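Work through the exercises below with the sequence and the model in view. Each task is followed by a solution in steps.

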Amino acid sequence: MTEHIAAVAGLDADSAEWPQALAGTGPRREEALARLHGLLLRIARGEVARRSPWLRLTGPELDDVAYQAAADALVAITSKLRQFRGESRFTTWAYKFVMFEVSAKIGRHFWRHPGVRLDAEGWERLPDRFGFDPAQEAEWRDLLGALRRAVNEELTARQRRVFVAIVLNNVPLDTLVLELASNRNAIYQTLFDARRKLRAALAADGYIGDDGWRRS
Amino acid sequence: MNGWSALDRFLRTDPRDVGCGEAMEMLHIYAELAAAGAPVDERCPGVAVHLRACGPCGEDFEGLLAAVRGQGSLTGTRAPRPHRL
């Protein structure tokens, strides 16, 4: 499905000026590059600070991620200038690349972390991953058993691997992208298809209907 | 959210979901519309569905929205989720 969204407003003067300056030569380009890098770095620092509560990163590492993200976003922006079609302010379009780079850098950091387990199957963590109450195990034990069977019997090897990494081992999707030398869209689609299969399997076994769970 | 509803949410897929590629392509336009208060759920339902379902894309959107609003970091948007399934 392709959606077309009309932009909020026409191109403002700044947004028209940025691509021209960055595509030019000489001092005007150098000044524009320096100014844009400053903006990107400010946004990158804000973004890593926003995400920091969930990261295994400390102050200097966070700033390093921000610097790397800003630098790589600048490279991406200057190489894709012709793709800017004025559908948003130039800075909004540019900041999007900062977000992508921050995500990629964080994913890479997680990948290098020695505690990360990609393939180990920690099925005992499944109840906790979804927030099932251990005190009510009698109610959900059969359901999660059926879910495990469906994972083993209905999913392809790749779907199973993605499920195990993301759901059981809590591996960030962007980290799995690196591990499998894939891309975010492909991994998401793999998990999307797996989710659809698992729901269908649980429905076929009578655990779930259109109106929700069928608890015994 | 208890385990039942969390698992139900995880297993539900929406055929309108445009996927990461298209959502990332349109993220800057979507973020400006959202910042302007436009009814993005109605105007681009497939992107809206995707951003609610996909943790990484949703996180990129939250960050970009914060940047568009000129707040950059700590205020104005809800805190990021630790990890969406």
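**Exercise 1: Chain B**

Task: State what share of the contacts in chain B with a separation of 6 or more comes from residues 24 or more positions apart, and describe the elements of chain B.

Solution. Residues 24 or more positions apart account for 62% of the contacts in chain B with a separation of 6 or more. Two residues are in contact if their C-beta atoms, placed from the backbone, lie within 7 Å. This is a predicted model, in which local features need pLDDT of at least 70, side-chain atom pairs count only at pLDDT 80 or more, and totals for chains, interfaces and linings use all residues. Residues are numbered from 1 along each chain as its sequence is written, while chains are lettered from A and ligands numbered from 1 in the order in which they are written.

Next, the elements: chain B has five helices and zero strands, in the order α-α-α-α-α from the N terminus. Helices (H or I, at least four residues) and strands (E, at least two) are DSSP runs, numbered from the N terminus.

**Exercise 2: Burial**

Task: Is A53(B) buried or exposed? Is P53(A) buried or exposed?

Solution. A residue is buried if 20 or more other C-beta atoms lie within 10 Å of its own, exposed if 12 or fewer, and partly exposed in between.

- A53(B) sits in helix 4 of chain B. It has 23 C-beta neighbours inside 10 Å and so counts as buried. From A53(B) to R12(B), 41 residues away in sequence, the C-alpha distance is 9.4 Å.
- P53(A) belongs to the loop between helix 2 (26–51) and helix 3 (59–79) of chain A. P53(A) is exposed because 9 other C-beta atoms lie within 10 Å. Its C-alpha atom is 41 Å from that of G24(A), 29 residues apart along the chain.

For chain B as a whole, 46% of its 85 residues are buried.

**Exercise 3: Two helices of chain A**

Task: What is the angle between helix 7 and helix 9 of chain A?

Solution. Helix 7 (residues 157–168) and helix 9 (residues 184–204) of chain A pack at about 100 degrees, with axes 9 Å apart. Axes are lines fitted to C-alpha atoms, for helices over the stretch in contact, and angles run from 0 to 180 degrees between N-to-C directions. Helix 7 and helix 9 of chain A are therefore roughly perpendicular, the term for angles of 65 to 115 degrees. Helix 7 of chain A contributes residues including V162(A), F163(A) and I166(A), and helix 9 of chain A residues including I187(A) and L191(A).

**Exercise 4: The interface**

Task: Which helix of chain B gives the largest share of the side that touches chain A?

Solution. First, 48 residues of chain B are in contact with 48 residues of chain A. Helix 1 (3–11), helix 2 (19–35), helix 4 (45–53) and helix 5 (55–68) of chain B each supply at least two residues of this side of chain B. The largest share, twelve residues, comes from helix 2 of chain B.

**Exercise 5: Confidence**

Task: Where in chain B is the pLDDT below 50?

Solution. pLDDT is the predictor's confidence in each residue, from 0 to 100. Its mean over chain B is 85, and 81% of the residues of chain B reach 70 or more. The pLDDT is below 50 over residues 72–83 of chain B. Where pLDDT is low, the predicted coordinates should not be read in detail. For the complex, the predictor gives an ipTM of 0.87 and a pTM of 0.86.

Conventions: Angles under 35 degrees count as roughly parallel, over 145 as roughly antiparallel, 65 to 115 as roughly perpendicular and the rest as oblique.
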